[in-house]
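Morning, everyone. Let me put the model up, and then we'll go through salt bridges and helix packing.

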Amino acid sequence: MASFKLLLVEDDPNLGQILNEYLSLKGYETRLCRDGEEGLNAFKSEPFDLCLFDIMLPKKDGFSMAKEIRRNDSVTPIMFLTAKSMKEDTIEGFKIGADDYITKPFSMEELLLRIQAILRRTGEKNPQFSDQKDFDFGAFHFDYDKQLLIENDNQTKLTSKESELLRLLCLHINQPLDRSTALKMIWRDDSYFNARSMDVYIAKLRKHLKVDPSVQIMTLHGSGFKLITNAQPE
């Protein structure tokens, strides 16, 4: 099964631990946070494929977390796990931008099926949610897990950011990769300074790839980048 990464924010220590262990057993990489501030900081510091938020949380409630996330990220799916069963609460959750809403108590099997449905749906719409981690293009083989770019007998160890960016480019090979989407997926926001940082990493990747002139990273002015193969040498 795909190794999807989940952000679980649940302040009930018993339920949080049970969910964490259950989802890990099912093959998901899960980050458990105990309050809203810790959860929001985790979201800003690393990419996740799905967020599971309790609503009534210490320091920052689940609705507030979701609102802050949706200001800069309309892509990452959010599911609320909550004891709040009022119709108004459900409507409020969906208005904020939640993808699903499940009320406690719930069965683990139902939760798992809902998670799988969301990830399958978002994966169909967004190639960045694909679980593909090995790529062959031009003269290269790229192993995302090992952060290795291999060309014949030459191996280049990439940084984490270089690997994340190259994987996104590979998932969109010969197609445009939106600059804002890449920034939000890797840097968590598309600020000016992060955009400049991404340009630096694009330059580094171009340097790694220059050994094969048929592979190029094109800049699409005003929109993003495109990793192209079979490019005509300049």
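Start with Asp100: does this residue count as buried or exposed? At 13% relative accessibility, Asp100 counts as buried; buried means under 20% relative accessible area, exposed over 50%, partly exposed in between, with a 1.4 Å probe and protein chains only.

A word on the source. This is a predicted model, so local features need pLDDT of at least 70 and side-chain atom pairs count only at pLDDT 80 or more, while totals for chains, interfaces and linings use all residues. Residues are numbered from 1 along each chain as its sequence is written, and side-chain values use heavy atoms, with hydrogens and water left out.

Back to Asp100. Its salt-bridge partner is Arg114, with the closest N and O atoms 2.8 Å apart. The term means a side-chain nitrogen of Lys or Arg within 4 Å of a carboxyl oxygen of Asp or Glu. Asp100 lies in strand E5, residues 100-103, and Arg114 in helix H5, residues 108-125, so the pair ties together parts 14 residues apart in sequence. Helices (H or I, at least four residues) and strands (E, at least two) are DSSP runs, numbered from the N terminus. Arg114 is partly exposed, at 26%.

The whole structure has 10 salt bridges. Another one joins Glu68 and Lys60, at 2.8 Å, N to O. Glu68 is partly exposed, at 23%.

Now helix packing. Helix H7, residues 179-186, packs on H8 at about 95°, axes 10 Å apart. Axes are lines fitted to C-alpha atoms, for helices over the stretch in contact, and angles run from 0 to 180 degrees between N-to-C directions. H7 and H8 are therefore roughly perpendicular; that label covers 65 to 115 degrees, with under 35 roughly parallel, over 145 roughly antiparallel and the rest oblique.

Which residues of H7 make the contact? Arg179, Ala182 and Leu183 do, against Asn194, Ala195, Arg196, Met198 and Asp199 of H8. Contact means heavy atoms within 4.5 Å.

Two of these names come back. Asp199 and Arg179 form a salt bridge, 3.1 Å from N to O. Asp199 lies in H8 and Arg179 in H7, so the pair ties together parts 20 residues apart in sequence. Asp199 is partly exposed, at 23%. Arg179 is partly exposed too, at 23%.

Last pair. The axes of H6, residues 160-171, and H8, residues 192-209, come within 10 Å and cross at roughly 80°. H6 and H8 are therefore roughly perpendicular to each other.
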